[in-house]
Amino acid sequence: MAACPSCDCETPLGFNIKMAFQPIVNVQTKDVFAFEALVRGGNGEGAGEVLSRVTEANKYTFDQTCRMAAIETAASINLPSKVSINFMPNAIYEPETCLAKTLKTARKTGFPRENIIFEVTEHEKVENHNLLVDVFKTYREHGFLTAIDDFGEGYAGLNLLADFQPDILKVDMKLVRNIHEDRIKKALFSAVQRACEELGIMLVAEGVETHDEYLYLKYNGVELMQGFYFQRPEIEAYTIPKFD
């Protein structure tokens, strides 16, 4: 496969990575909706340490390597559900070209493309908003699900949601933390929840860590949740969580 003329995605990464998997659960059916693939170092280093090694020179290679590693690992461990893969919005040169390796990896491993979710995090300031919208539209056209991660915490927010409605919206953990005892968080979360219902978007509450948070969200109609309360990420492995 020819390299992109401007993104240097064929440049060697220079360090090893692995993938850890954390479940996104449906608390009504008690099934796993998907597993998020989270990057780790070759020796199990945390995501923060790995991301500190990403530079302008290797960001394209890093983004492509993470995509391929997530799909290859998910296939090798027979992940029994969808896999959600983060991508870096500023590491896309041209949507169709940058997606080619992902499609090739899915075909090679036999992992169904309809079981792949691409999520963009709000933590990174988007340099080209219109390009990101084009990326999302291209992914959807190819049969992938799309998600906005960490909604309410970072840069994209309502402007991105106004221009593109993803399949999934993941509400940032800061809004979830101790939501059961914070009226402001309750009001803000409820507003996002209503918007998702009106727009036909699946909502995921991220960072659920306590039984009280879980009960409040479940009681208020949230079906999809993710967090340490259910299961911590596991490197190159997965566990189906059990919970009440």
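Biologist: How do α2 and α3 lie relative to each other, roughly parallel or roughly antiparallel?

Modeller: Angles under 35 degrees count as roughly parallel, over 145 as roughly antiparallel, 65 to 115 as roughly perpendicular, and the rest as oblique. In this predicted model, helix α2 (residues 59-76) packs on α3 at about 15°, with axes 10 Å apart. The two helices are therefore roughly parallel. Their contact (heavy atoms within 4.5 Å) includes R67, M68 and I71 of α2 and L99, T102 and A106 of α3.

Biologist: At what angle do α3 and α4 pack?

Modeller: Axes are fitted to C-alpha atoms, over the stretch in contact for helices, and angles run from 0 to 180 degrees between N-to-C directions. Helix α3 (residues 95-109) meets helix α4 (residues 129-141) at about 45°, axes 10 Å apart. That makes α3 oblique to α4. P95, E96 and L99 of α3 touch L131, D134, V135, T138 and Y139 of α4.

Biologist: Which residues of α8 are buried?

Modeller: An α-helix has 3.6 residues a turn, so residues three or four places apart point the same way. Buried means under 20% relative accessible area, exposed over 50%, partly exposed in between (1.4 Å probe, protein chains only). In α8 (residues 211-219), E213, Y214, Y216 and L217 are buried. They span an arc of only 165° around the axis, which puts them on the same side of α8. These buried residues pack against α6, α7, β7 and β8.

Biologist: What conventions apply?

Modeller: Residues are numbered from 1 along each chain as its sequence is written. Local features need pLDDT of at least 70, side-chain atom pairs count only at pLDDT 80 or more, totals for chains, interfaces and linings use all residues, and side-chain values use heavy atoms, leaving out hydrogens and water.

Terms used
Helices (H or I, at least four residues) and strands (E, at least two) are DSSP runs, numbered from the N terminus. The arc is that of the directions from the helix axis to the C-beta atoms.
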